[in-house]
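Subject: Structure handover

Dear colleague,

I am passing this structure on to you. The file comes first, and my notes on it follow.

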Amino acid sequence: MIYRITTLILLAFAILFFALHWANLVDSVSSKFTQPNLSNKHIKREAIASLALDNDKYNPIFENQYYKVEDERNTEIKQKKIEVGKLNNESKSEFNGIKNPLVLDKTKMIFEEPSLKDTWKRNSVQIGEATNSPKIAIVIDDAGVDKKRTAAVIQLQPPITIAFLTYASELKKQVRSAKKAGHEIIVHMAMEPESKNIDPGPNVLLIKSGSKEILDQLRWGLNRFNGYVGINNHMGSRFTSDPNGMGIVMRELKRRGLLFLDSRTSKNTVGASMALAYDVPYTQRDFFLDNDNSLGAINRQLGKIESFAKKNGYAVAIGHPKDATLKALSQWLKTLKERGFSQMPISQLVKVQNNIFPPN
Ligand SMILES: [Zn+2]
């Protein structure tokens, strides 16, 4: 009797074991068929791309966006595109939250000037051997207008990334001396802020301007000097949250082979998704150094930047040509390497974050 009960219990365990194992097996087999075969990098990019798809209403300026999404995604998404096209032809209704879905056969390609391809790489500061130590990029905005403080920024240990305002005078001369000292250069493009009480300066990119006017302003700024790797936004909490305006900016950056550093002056910025859609090399600010510009507060920010870089592998911090910022940075930079960090230009962080190898 006891023998039979023991056998039954053992049998029950065996059945349970096989049932659980089978469930696992079925699960793993079926997930092989349903999971798209994408690397981590692709999954991340796909997530941002779908954000771009869902948030932006159809507009001719976004036409190539859908092409880019198709490039980045697997066949699943291609099927979705075909459905979008079909729906558009038949009912012109909504698809997946996209109003007026795209007519596929009218899509434009992203235009890239062959002679300007990868201008950002050509104009980047070349750094020595790449190491595994945490990488920190320091960007100083609003350069060029105050010549004395800009000269003091240039005195900092290189490479700093210096963002020159387009409406400063003697720009070419200042940029030349910054480059000679080993710094990297970006254009600090004035964009419309949310608040009407802040003056972003002349030649600012405004949402209410027409597409041609935005492009003209942008080109005026980009033609003020040479030798830069890309742009970041001066202010722009309103402009950077507008997909239409940012689409114009990204299209021009792509055409010129430039990168975009999002200063992230608004949590609603569409910088990441639009850069992805237009295949523009991208990174973003992690910290502002001197929102509180007392020496103590800046030093505390520098401490936070170090912890962030240790945890994530890199950090991007933006500061301004203020006396306390310059003082804090000149001390801090001296011992940065001893403390195990690599001081990097912004282009290098773009390469690392976008898995562009070799990063040098
Ligand atoms: Zn600024």
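Does Asp118 count as buried, partly exposed or exposed? With 13 C-beta neighbours inside 10 Å, Asp118 counts as partly exposed. The terms work like this: a residue is buried if 20 or more other C-beta atoms lie within 10 Å of its own, exposed if 12 or fewer, and partly exposed in between, with C-beta atoms placed from the backbone.

Some background before the rest. The model is a predicted one, in which local features need pLDDT of at least 70 and side-chain atom pairs count only at pLDDT 80 or more, while totals for chains, interfaces and linings use all residues. Residue numbers start from 1 along each chain, following the sequence as written.

Overall picture

The average pLDDT (the predictor's confidence in each residue, from 0 to 100) is 77 for the protein, and 71% of the residues score at least 70. Over residues 20-109 pLDDT stays under 50, and the model has 80 contacts beyond four places in sequence for that stretch. A contact here means two residues whose C-beta atoms, placed from the backbone, lie within 7 Å.

The protein has 13 helices and 9 strands. These are DSSP runs numbered from the N terminus: helices are H or I with at least four residues, strands are E with at least two. Of the 360 residues in the protein, 38% are buried. Among contacts between residues at least 6 apart in sequence, 71% join residues at least 24 apart.

Strand E4 (residues 230-235) is mostly covered, with 6 of its 6 residues buried. E4 pairs with E3 in the parallel sense over 6 bridges; strands are said to pair if DSSP finds at least two bridges between them. One of the bridges links Ile186 to Gly230 in E4. Together, E3, helix H8 (residues 211-222) and E4 form a right-handed β-α-β unit. Right-handed means that, with the strands pointing away from the viewer, the path from the first strand over the helix to the second runs clockwise.

E4 also runs parallel to strand E5 (residues 259-262), and 3 bridges join the two. In E5, Leu261 is the bridge partner of Asn232. From E4 the chain crosses through helix H9 (residues 243-256) to E5, and this β-α-β crossover is right-handed as well.

Helix H7

In helix H7 (residues 171-180), the buried residues are Gln174, Val175 and Ala178. They cover an arc of only 95° around the axis, which puts them on the same side of H7. The arc is taken from the directions from the helix axis to the C-beta atoms. Lys172, Lys173 and Lys180 are exposed on the other side of H7. The buried residues of H7 pack against H6, strand E2 (161-165) and strand E3 (184-191). Just after H7, Gly182 has a positive phi of about 95°.

Helix H12

Helix H12 (residues 323-334) has 12 residues and should span 16 Å at 1.5 Å a residue; its end C-alpha atoms are 17 Å apart, which agrees. The expected span is 1.5 Å times one less than the number of residues.

Thr325, Leu326, Ala328, Leu329 and Trp332 are the buried residues of H12. They cover an arc of only 165° around the axis, which puts them on the same side of H12. What covers them includes strand E1 (135-143), helix H6 (147-155), helix H11 (295-312) and strand E8 (314-319).

On the other side of H12, Asp323, Gln331 and Lys334 are exposed. Gln331 counts as exposed because it has 12 C-beta neighbours inside 10 Å.

Backbone exceptions

Most residues other than glycine have a negative phi, and most peptide bonds are trans. Asn203 lies in the loop between E3 and H8 and is partly exposed, with 16 other C-beta atoms within 10 Å.

Regards
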